[in-house]
Amino acid sequence: MSGNTGSEEALSKCQQWLKDCDENHERCRQYLNSPLPSRVLDLGDAKANLCKDVKLHESAPSERASYTTLSYCWGGEKFITTTASTLSERKANIDWSELPAVFQDIVTFCRRIGVRYLWIDALCILQDSKDDWRKEASRMKDYYSNAYISLSAAKASRPSEGCYTGHLPWGYKSHTLRSPPKAKFPYAIHVRRTRYFERPPIHERAWCFQEHELPSRVLMFRGMELQWYCYEHAICECGNHEGAREETEDRLPREDFTTVQSHGDARLEWYRSIDEYTDRNLTVQSDILPALSGLAGKMAERHPGARYLAGLWEDTLISDLM
């Protein structure tokens with residue numbers, strides 16, 4: 001483990017995971033060139049000035065490219081957003097100094113992995129327009145599902161905190177115990193203290209649940225290290241940890257309504273999702289159904305005949321109510 005999630009060592013790990021996924025995971029790499037959301041942040045090309053050249057881009061209906069999405073905690077603090085009155089200004093330029101630390105870190109990271117476009121809800125949805133919010137909220141399933149990768153500021157409880165961990169607390173580095181060179185049955189045991197698995201702030205926010213479930217792959221900036229999971233693989237900086245699902249709340253490797261094989265399994269997957277979703281917090285209680293609508297849409301795609309009824313399904317309505 002690098003101990004610094006913004007370091008070159010951590011970046012190199014991420015680039016290795018992306019390369020392996022792009023080259024070997026057929027279900028994940030289908031999103032290399034997707035329809036762009038209605039609005040995205042244009043981060044410029046590789047020559048872009050680090051602290052400039054960020055602006056809001058309104059996409060043409062047929063425009064396609066690779067883009068990332070951001071999942072983060074709003075945290076109740078005020079920070080830069082886009083409104084009807086600031087839309088033209090955002091399209092011209094976004095002052096780097098106005099971006100909170102999480103946004104700056106993610107913009108920089110996207111540039112480092114070579115992705116030009118980034119979707120952040122606060123800047124890509126008009127925050128003072130109910131009509132725009134409804135329209136864009138209804139498209140979140142596609143925005144997150146079609147993303148090249150989704151980045152999760154898991155450790156930050158608010159945008160001003162930033163994504164990166166600068167160092168590991170004393171005593172929390174991982175250790176690897178390997179078998180002797182001539183062992184008949186070689187082994188490698190990865191050991192670390194269990195405090196790593198404390199519930200990160202992002203797992204408290206209800207909106208972030210579907211933001212983690214919908215993408216084909218997610219990179220989490222956790223308190224100790226980077227963590228990656230996609231449809232076919234899951235890994236962290238210290239080594240593979242498929243056995244950590246119960247402690248991390250992440251399903252490793254990814255499962256969703258398109259990977260399960262039967263209607264019954266999909267319905268069990270829905271119940272599991274509802275159980276996890278309702279354990280989280282909503283700032284605006286009326287968001288309880290919109291914040292779940294993307295997952296409902298994914299379920300409906302898997303079973304076209306299923307009729308969705310505000311969190312329930314018509315064909316299993318009685319059992320859903322129990």
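Which helix gives the most residues to the lining of the largest pocket? Helix H5 does, with 3 residues.

This is a predicted model, so local features need pLDDT of at least 70 and side-chain atom pairs count only at pLDDT 80 or more, while totals for chains, interfaces and linings use all residues. Residues are numbered from 1 along each chain as its sequence is written, and side-chain values use heavy atoms, without hydrogens and water.

**Confidence**

Mean pLDDT (the predictor's confidence in each residue, from 0 to 100) is 82 for the protein. A value of 70 or more is reached by 81% of residues.

| Element | Residues | Mean pLDDT |
|---|---|---|
| Helix H8, lowest | 245-248 | 39 |
| Strand E2, highest | 39-42 | 98 |

Over residues 242-252, pLDDT stays under 50. Where pLDDT is low, the predicted coordinates should not be read in detail.

The largest pocket has a volume of about 750 Å³. Lining it are 29 residues; Trp74, Arg205, Trp207, Thr283 and Asp287 are the closest to its centre. Helix H5 (130-137) and helix H7 (207-213) are the elements that give two or more residues to this lining.

**Helix H1**

Helix H1 covers residues 8-24. At 1.5 Å a residue, its 17 residues should span 24 Å, and the end C-alpha atoms are 24 Å apart, which agrees. Ala10, Leu11, Cys14, Trp17, Leu18 and Cys21 of H1 are buried (under 20% relative accessible area, 1.4 Å probe, protein chains only). Down the axis of H1, these buried residues fall within an arc of 125°, so they line one face of the helix. They pack against helix H3 (101-113) and several strands, including E7 (149-152) and E10 (217-221).

Note on methods
Helix = DSSP H or I, 4+ residues; strand = E, 2+ residues; numbered from the N terminus. Expected span 1.5 Å × (residues − 1). Buried < 20%, exposed > 50% of the residue type's maximum accessible area, 1.4 Å probe, protein only. Arc of directions from axis to C-beta. Contact = heavy atoms within 4.5 Å. 1 Å grid on protein atoms, 1.4 Å probe; cavity = no way out; pocket = protein on both sides within 12 Å on 5 of 7 lines; lining within 4 Å. Points joined across faces, edges and corners; volume = space filled by probe spheres on them.
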